[in-house]
Amino acid sequence: AKGSGPNSWRGYDPRLRAELARAAARRSGLDRALAEGSFELYYQPIVWLDDGDIGGFEALVRWPQPDGTIIMPDDFIPLAEATGQILPLGRWILRTATEQAARWNEARLAAGVAPVKISVNVSAHQLRDPGFPDEVGKALTDAGLDPAFLMVEATESALIDRAGQALANLRTLTQHGVGVSLDDFGTGYSSLSYLRDLPVSALKIDKAFVDGVPAEPRQTALVKGIIGIAKSLTLMVVAEGVETREQRRALQNMGADLGQGYLYARPMPVREASELMRAGRVK
Ligand code: C2E
Ligand code: CA
Ligand code: CA
Ligand code: CA
């Protein structure tokens with residue numbers, strides 16, 4: 001009969017209904033949070049493996065709740081991406097991160113230390129928006145940040161769109177001096193020859209690969225190969241999820257340039273990041 005059976009869309013499957021209700025609630029929650037400006041950016045240092053100097057920070061978004069808990073990006077970015085809410089959210093992230101980096105670099109310049117780069121994650125939706133390069137340019141101008149100190153982090157899958165708009169946007173950005181990092185490298189499906197043609201300046205090796213270094217020989221060999229290819233294409237190599245000193249040492253020996261992970265620091269609120277920066281180095 002209509003509306004009966006476990007797979008029926010017409011029935012009132014309580015689990016499905018609960019799930020839809022939760023998604024709807026989160027969606028309107030996102031709208032409210034956007035209107036009220038209740039998101040927060042955390043910052044995690046990206047560190048030179050050789051001397052522990054801070055080369056930059058990755059901005060990572062958080063959604064603090066009234067009860068003191070924090071909703072993590074994996075629990076709302078995919079929804080924001082599906083609903084298109086990622087466009088206004090992404091704009092806020094970009095503007096906040098560039099303003100913060102400009103403030104940090106002003107202070108560093110005054111103190112006679114090298115500027116840091118800010119890395120901002122951008123999702124597929126943003127990358128495919130023809131207005132994206134202008135939006136980035138405007139954020140940089142308004143913040144007073146030199147494009148050389150912005151890195152845009154994009155995943156391989158976000159770069160593959162049939163219209164080619166994402167690639168065109170990245171080319172425009174690189175022409176203006178903005179850096180592009182290929183994020184989560186190794187988890188996608190693109191071929192290595194594709195890498196050759198991408199307008200990228202850095203490659204981030206995904207934590208899933210870094211986890212096996214140096215304990216698992218096959219995994220380590222793979223990472224070594226990835227670093228070799230990246231270096232031959234003159235890309236900077238950043239290792240994600242560096243948690244131990246053994247990993248740090250092995251990655252440095254294999255030629256990785258920078259590392260990011262709990263060994264150095266967890267993502268932290270802006271005030272702590274500013275303090276860390278005054279200290280200059282993490283380890
Ligand atoms: P991602 O870009 O790969 O970011 C790295 C994730 O690894 C972050 O999780 C970071 O906290 C975590 N991490 C860093 N070092 C370590 C480590 O040593 N050990 C472990 N276990 N984890 C480490 P987070 O902040 O939960 O972000 C998850 C994902 O959400 C990010 O993965 C990124 O894809 C997305 N995301 C975060 N912020 C933004 C944003 O502002 N915009 C967009 N579009 N996506 C974002
Ligand atoms: Ca150095
Ligand atoms: Ca990232
Ligand atoms: Ca990752």
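"Buried" here means under 20% relative accessible area, "exposed" means over 50%, and "partly exposed" is in between, using a 1.4 Å probe and the protein chains only. This is a predicted model, where local features need pLDDT of at least 70 and side-chain atom pairs count only at pLDDT 80 or more, while totals for chains, interfaces and linings use all residues. Residues are numbered from 1 along each chain as its sequence is written, ligands are numbered from 1 in the order in which they are written, and side-chain values use heavy atoms, with hydrogens and water left out.

So what does Glu153 hold on to? The protein donors of the calcium ion (ligand 3) are Glu58 (OE), Asn121 (OD1), Glu153 (OE) and Asp183 (OD), at 2.2 to 2.4 Å from the ion. Donors are N, O and S atoms within 2.8 Å of the metal (3.2 Å for Na, K and Ca), and since water is not among the atoms, sites may look incomplete. Along the chain, the donors of ligand 3 are spaced as E-x62-N-x31-E-x29-D. Asn121 lies in strand β4 (residues 117-121) and Glu153 in strand β5 (residues 150-155), so the pair ties together parts that are 32 residues apart in sequence. Helices (H or I, at least four residues) and strands (E, at least two) are DSSP runs, numbered from the N terminus. Asn121 counts as partly exposed, at 28% relative accessibility.

## The other calcium ion

How far apart are the calcium ions, ligand 4 and ligand 3? They sit 5.9 Å apart.

## Around ligand 1

Ligand 1 is surrounded by 22 residues, and the closest are Arg62, Asp183, Lys207, Glu243 and Tyr262. A residue makes this list if one of its heavy atoms lies within 4 Å of the ligand.

Now for the polar contacts, meaning pairs of N or O atoms within 3.5 Å (within protein, one must be able to donate a hydrogen and the other to accept it, and residues adjacent in sequence count only if both atoms are side-chain atoms). A polar side-chain atom of Glu243 is 2.5 Å from a nitrogen atom of ligand 1, and one of Asp183 is 3.1 Å from an oxygen atom of the ligand. Tyr262 uses a polar backbone atom, 2.7 Å from an oxygen atom of ligand 1.

## Asn169 in its helix

Is Asn169 buried or exposed? With 2% relative accessibility, Asn169 counts as buried. Its place is in helix α7 (residues 165-175), and the side chain of Asn169 reaches the backbone oxygen of Leu127 at 2.6 Å. Leaving out residues up to four places away in sequence, Asn169 touches Gln126, Leu127, Arg128, Asp129, Pro130, Phe132 and Pro133. Touching, or contact, means heavy atoms within 4.5 Å.
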